[in-house]
Amino acid sequence: MTIRAPYRSLRGISAAAALLAIGAVGCSDVSEAIDSAKDGAKKVARQRSVFSLDIGDCYNPTGKAEGTAYSVEIVPCDEAHEGQVVGEFVIDKDKEYPGDDGVSTIADERCPAEAQKHAPDTWALPKGVALFYYVPTKESWATGDHAVSCTYTMEKGTFSGSLDVAKSLKPEQTTYLTGSNAVYEALWATQPEKDTVEDDLDGYKTQAKAVGAALDAHVKGLDGIEGAEVGKLRATLTKAAGSWNKAAKAADSDAFYLAYDSAFTGIDPAKSVAARKELGLATTVPADDAEVWAG
């Protein structure tokens with residue numbers, strides 16, 4: 001998904017100009033006009049080019065969620081807003097413009113990882129927020145714009161507060177989230193296009209190998225974290241890792257299926273709720289994840 005909001009010309013109006021324009025009207029009307037003018041002036045003062053967005057900026061788009069964006073309204077994060085920049089990167093400057101689909105593909109691949117550096121606990125995201133991004137156009141690329149800004153933006157409504165919380169996390173929270181995120185990233189990033197194992201055994205074995213390796217690393221990280229619930233989760237994930245690694249070595253589809261059932265159920269996000277609570281992390285399984293493991 002790209003944020004390409006249609007350009008809208010913005011013109012400010014001062015409170016004094018508003019007073020001159022309204023003339024002899026009632027006091028309540030004057031007060032409302034002044035407040036409206038102040039709000040308009042504030043929005044204009046907060047306008048910033050999309051080319052100067054920084055990580056951590058909270059903002060409101062100046063148009064719809066499709067089209068070419070020129071500016072956004074930057075707002076304090078403690079005010080209601082629609083989005084926040086949570087990651088950025090630069091596409092290889094030596095490359096030619098990859099095309100609209102090309103830059104979108106690059107952003108699709110890079111933005112999830114970039115966002116997790118600053119908002120690592122996806123369970124803690126406000127309901128209705130989704131990952132969007134600002135990408136270069138062919139015209140802006142020609143002027144040297146090769147940057148991509150990754151944002152969490154509400155599809156409807158607003159939220160308050162900053163999502164850039166990585167620096168405030170405790171070491172054990174960071175260790176847990178880093179390992180957990182890597183497991184699910186390995187699962188979805190290597191998902192074969194074929195729907196059945198019989199049609200792409202090698203592809204599913206490659207996926208199993210990637211998930212198994214990520215789980216092994218996650219379990220190793222949990223070794224240094226104290227807590228009864230974390231210990232139980234470590235044991236569960238250790239068994240799951242064994243199943244994934246077994247699936248990765250399956251000689252045929254039947255052997256793969258025998259290992260896969262326990263492998264997949266072993267990483268059901270619901271199994272980590274108690275450990276997350278013990279670590280002081282969000283404990284509500286995202287609806288999309290809950291639906292996948294519910295079958």
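**View 1. Tyr 133 and Cys 150 sit across from each other as bridge partners, with Cys 150 on the β6 side.** Everything here comes from a predicted model, where local features need pLDDT of at least 70 and side-chain atom pairs count only at pLDDT 80 or more, while totals for chains, interfaces and linings use all residues. Residues are numbered from 1 along each chain as its sequence is written, and side-chain values use heavy atoms, with hydrogens and water left out. Helices (H or I, at least four residues) and strands (E, at least two) are DSSP runs, numbered from the N terminus. Two strands pair if DSSP finds at least two bridges between them. β5 and β6 have six bridges and pair in the antiparallel sense. On to β4: seven bridges join this strand to β6, and the two run antiparallel. Look for Val 85, which stands opposite Thr 151 of β6. β6 is mostly covered, with seven of its eight residues buried. Buried means under 20% relative accessible area, exposed means over 50%, and partly exposed is in between (1.4 Å probe, protein chains only).

**View 2. A disulfide between Cys 111 and Cys 150 puts their sulfur atoms 2.1 Å apart.** Cys 111 belongs to helix α3 and Cys 150 to strand β6, so the pair ties together parts that are 39 residues apart in sequence. A disulfide is counted here when two cysteine sulfur atoms lie within 2.5 Å. The angle about the S-S bond is -80°, and the link of Cys 111 and Cys 150 is left-handed. Cys 111 is buried at a relative accessible area of 1%, and Cys 150 is buried too, at 0%.

**View 3. Helix α3 spans residues 100-118 and has a kink at Arg 110.** This helix has 19 residues and reaches 26 Å from its first C-alpha to its last, close to the 27 Å expected at 1.5 Å a residue. That expected span is 1.5 Å times one less than the number of residues. The kink at Arg 110 is about 35° and comes shortly before the proline Pro 112. The bend at a residue is the angle between axes fitted to the seven residues ending there and the seven starting there. Buried residues of α3 include Gly 102, Val 103, Ile 106, Ala 107, Cys 111 and Ala 115. What covers the buried residues of α3 includes β4 (83-90), β5 (129-134) and β6 (147-154).

**View 4. Cys 58 and Cys 77 are joined by a disulfide, S to S 2.0 Å.** This pair links distant parts of the chain: Cys 58 is in strand β2 and Cys 77 in the loop between β3 and β4, 19 residues apart. With 95° about the S-S bond, the link of Cys 58 and Cys 77 is right-handed. Cys 58 counts as buried, at 1% relative accessibility. The count for the chain comes to two disulfides. Number the bonded cysteines in sequence order and the pairing reads 1-2, 3-4.

**View 5. Strand β3 (residues 71-75) is largely enclosed by the rest of the structure.** Five of its five residues are buried. Ser 71, Glu 73 and Val 75 point one way from β3, and Val 72 and Ile 74 point the other way. Strand β2 (residues 58-61) pairs with β3 in the antiparallel sense over four bridges. Within that pairing, Pro 61 has Val 72 of β3 as its bridge partner.

**View 6. Ala 250 and Gly 227 are two loop residues on either side of α7.** Ala 250 is in the loop between α7 (228-248) and α8 (253-266), and counts as buried at 4% relative accessibility. Leaving out residues up to four places away in sequence, Ala 250 touches Lys 205, Ala 255 and Phe 256; contact means heavy atoms within 4.5 Å. Gly 227 lies in the loop between α6 (201-222) and α7, and is partly exposed, with a relative accessible area of 32%. Gly 227 and Ala 275 are 48 residues apart in sequence and 8.0 Å apart in space, C-alpha to C-alpha.
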